[in-house]
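Try each task before you read its solution.

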Amino acid sequence: NENLKIKIKDINEKLKNNIFEDSIKIEILNEGFIIINKNGAFTQPSEVNCTMIADIGTFEKILKGNIKATSAFMTGKIKIKGNISIAINLAKKLNSK
């Protein structure tokens, strides 16, 4: 999926100097999924400690920093299964400069 390839490239760029030490699966509705762990972002299945579910528009806004993941969660735009602190930690790393 071309959309996911672009997102993976963006995520890996943002995490280049800010390694994510945990593991999360981001399910993007009608698109597929992205796994993020200490090795970066990719689409091969892997064990994770948290799953975030969102539509592509919401995920793009979180990735660009237009909305905060916590706000998206509180308003029901994303769903989180597992350890929510992992999702919050990832959002902070993706939004750090």
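**Exercise 1.** In this predicted model, find which element gives the largest share of the lining of the largest pocket.

*Solution.* Start with the residues that line the pocket: G65, K68, A69, T70, I88, A91, K92 and N95. Next, assign them to elements: helix 3 (69-74) and helix 4 each supply at least two. Helix 4 comes out ahead, with four residues, the largest share of the lining. To finish, sort the lining by class: three residues are nonpolar, three polar and two charged.

**Exercise 2.** Check the span of helix 4 (residues 84-95), then work out how its buried residues are arranged around the axis.

*Solution.* Now list the buried residues of helix 4: I86, A87, L90, A91, K93 and L94. Looking down the helix axis, you find them within an arc of 165°, so they line one face of helix 4.

**Exercise 3.** Describe the largest nonpolar core and say which element gives the largest share of it.

*Solution.* The core holds 26 residues, and those with the most contacts inside it are I11, I24, I34, I36, F59, I78 and L90. Several elements give two or more residues to this core, among them helix 1 (2-15), strand 1 (24-28), strand 2 (32-37) and helix 2 (56-64). Helix 4 provides the largest share, five residues.

Methods
Residues numbered from 1 in each chain as written. Predicted model: local features only at pLDDT ≥ 70, side-chain atom pairs only at ≥ 80, totals over all residues. Heavy atoms only, no water. Expected span 1.5 Å × (residues − 1). Buried < 20%, exposed > 50% of the residue type's maximum accessible area, 1.4 Å probe, protein only. Arc of directions from axis to C-beta. 1 Å grid on protein atoms, 1.4 Å probe; cavity = no way out; pocket = protein on both sides within 12 Å on 5 of 7 lines; lining within 4 Å. Nonpolar A, V, L, I, M, F, W, Y, C, P; charged D, E, K, R; others polar. Core = buried A, V, L, I, M, F, W, Y, C linked by side-chain atoms within 4.5 Å.
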